Amino acid sequence: MPAFRGCTMADSQAVRSFEYRAMLRIVGELGELPADPIERRTHALRSLCRLLGGAAGFFAETKIEAGCYRIIAPASVGLESLPPGHLDAYFRGELPLDPCGTVMEGLPDERAAAATRREIVPDDVWYRHAHYATTRGNFGLDDAVYARLDDRRSGRVFGMCVIRAVGDRPFGARQREILRLFNGAAAPLYRLSAGDGPDPLAGLSPRLRSVAECFLRGLTIKETAAELGLSPATVMSYSKPLYRALGVRSRPEMLAKLLPAGEGRRG
């Protein structure tokens, strides 16, 4: 990840305990929703807007092909202020693109990279940019915090941003860290695209699914316990019913069944 400009010391507060609890609650809610990518991504955006103090949000698969920036299967919330057809024109490349999105797209492989707008594009460039004039400022939207997610299973790249209204305080380091942590836990739940086939974890209880997703990310028993707020013994107690539900007998067998051949694994 490039050396973005840092936020001020006033913004560098640690993530608070109630924010961790809120993140875990949202991840649990996503796991209980049907395995529909747009429904899950929309719910994630709406919940993150409440948690981070955003007015709007955007989430889509992104791709650069033949020098053109493509936006695929977008989900959005809070963009009702944009005139009819504006988003469609933006998706077709008829309007200036968000410069922060193109910078995030150009990053090397990052599983859950996040950055504030001020870390990517300084104020003097942002407020003169054609994207701000055509799509943000004119319609009451301004600062944002961005995330890029790389799905190693499908090779897809996803972009997300949460946007604040004009006049609101810019996002800081704490909000960026919340977005990074949240996506690290939630990404397996909302990365599924319509063409990916059935969800291999469909039918698991929310708790078993959370444990399975941690295992698939390569987390150890202790790391999974810390992330889910459980004891290692409790995580171990979930292993047997999890393996039984997936039709396997061990963690290596589960990874071999659910991860593509050759994907790097830990533990």
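Reply: Leaving out residues up to four places away in sequence, His129 touches Leu97 and Pro99, where a contact means heavy atoms within 4.5 Å. This is a predicted model, so local features need pLDDT of at least 70 and side-chain atom pairs count only at pLDDT 80 or more, while totals for chains, interfaces and linings use all residues. Numbering runs from 1 along each chain as its sequence is written, and side-chain values use heavy atoms, with hydrogens and water left out.

Back to the histidine. Pro99 sits 30 residues from His129 along the chain, yet their C-alpha atoms are separated by 8.2 Å. His129 itself is found in the loop between helix H6 (123-126) and helix H7 (130-136); helices (H or I, at least four residues) and strands (E, at least two) are DSSP runs, numbered from the N terminus. Why does His129 count as partly exposed? Because its relative accessibility is 24%, and the partly exposed class falls between buried (under 20% relative accessible area) and exposed (over 50%), using a 1.4 Å probe and protein chains only.

Glu253 is also partly exposed, at a relative accessible area of 29%, but this one lies in a helix, H12 (residues 251-258). Setting aside neighbours within four places in sequence, Glu253 is in contact with Gly247 and Val248. Its side chain also reaches the backbone nitrogen of Arg249 at 3.5 Å. That is a polar contact, meaning a pair of N or O atoms within 3.5 Å; within protein, one must be able to donate a hydrogen and the other to accept it, and residues adjacent in sequence count only if both atoms are side-chain atoms. Tyr243 is ten residues from Glu253 along the chain, with 8.9 Å between the C-alpha atoms.

H12 is also one of the elements that the buried residues of H9 pack against, and the others include H8 and helix H11 (232-246). H9 (residues 206-216) is mostly covered, with nine of its eleven residues buried; among them are Arg209, Glu213 and Cys214. Cys214 counts as buried because its relative accessibility is 2%. Just after H9, Gly218 takes a positive phi of about 90°.

H8 (residues 173-190) is mostly covered too, with 13 of its 18 residues buried. From first C-alpha to last, H8 reaches 24 Å, close to the 26 Å expected at 1.5 Å a residue; the expected span is 1.5 Å times one less than the number of residues. H8 bends by about 45° at Gly184, with Pro188 following within four residues. The bend here is the angle between axes fitted to the seven residues ending at a position and the seven starting there.

As for cysteines, the structure holds zero disulfides, a disulfide being a pair of cysteine sulfur atoms within 2.5 Å. Cys49 has its nearest cysteine sulfur, that of Cys161, 9.0 Å away, and counts as buried at 8% relative accessibility.

Zooming out, the protein comes to twelve helices and five strands, and 47% of its 267 residues are buried. Of the contacts between residues at least 6 apart in sequence, 64% join residues at least 24 apart. The accessible surface is about 12500 Å², 55% of it from carbon and sulfur atoms; accessible areas come from the Shrake-Rupley method with a 1.4 Å probe, and for residues only the protein chains shown count as cover.
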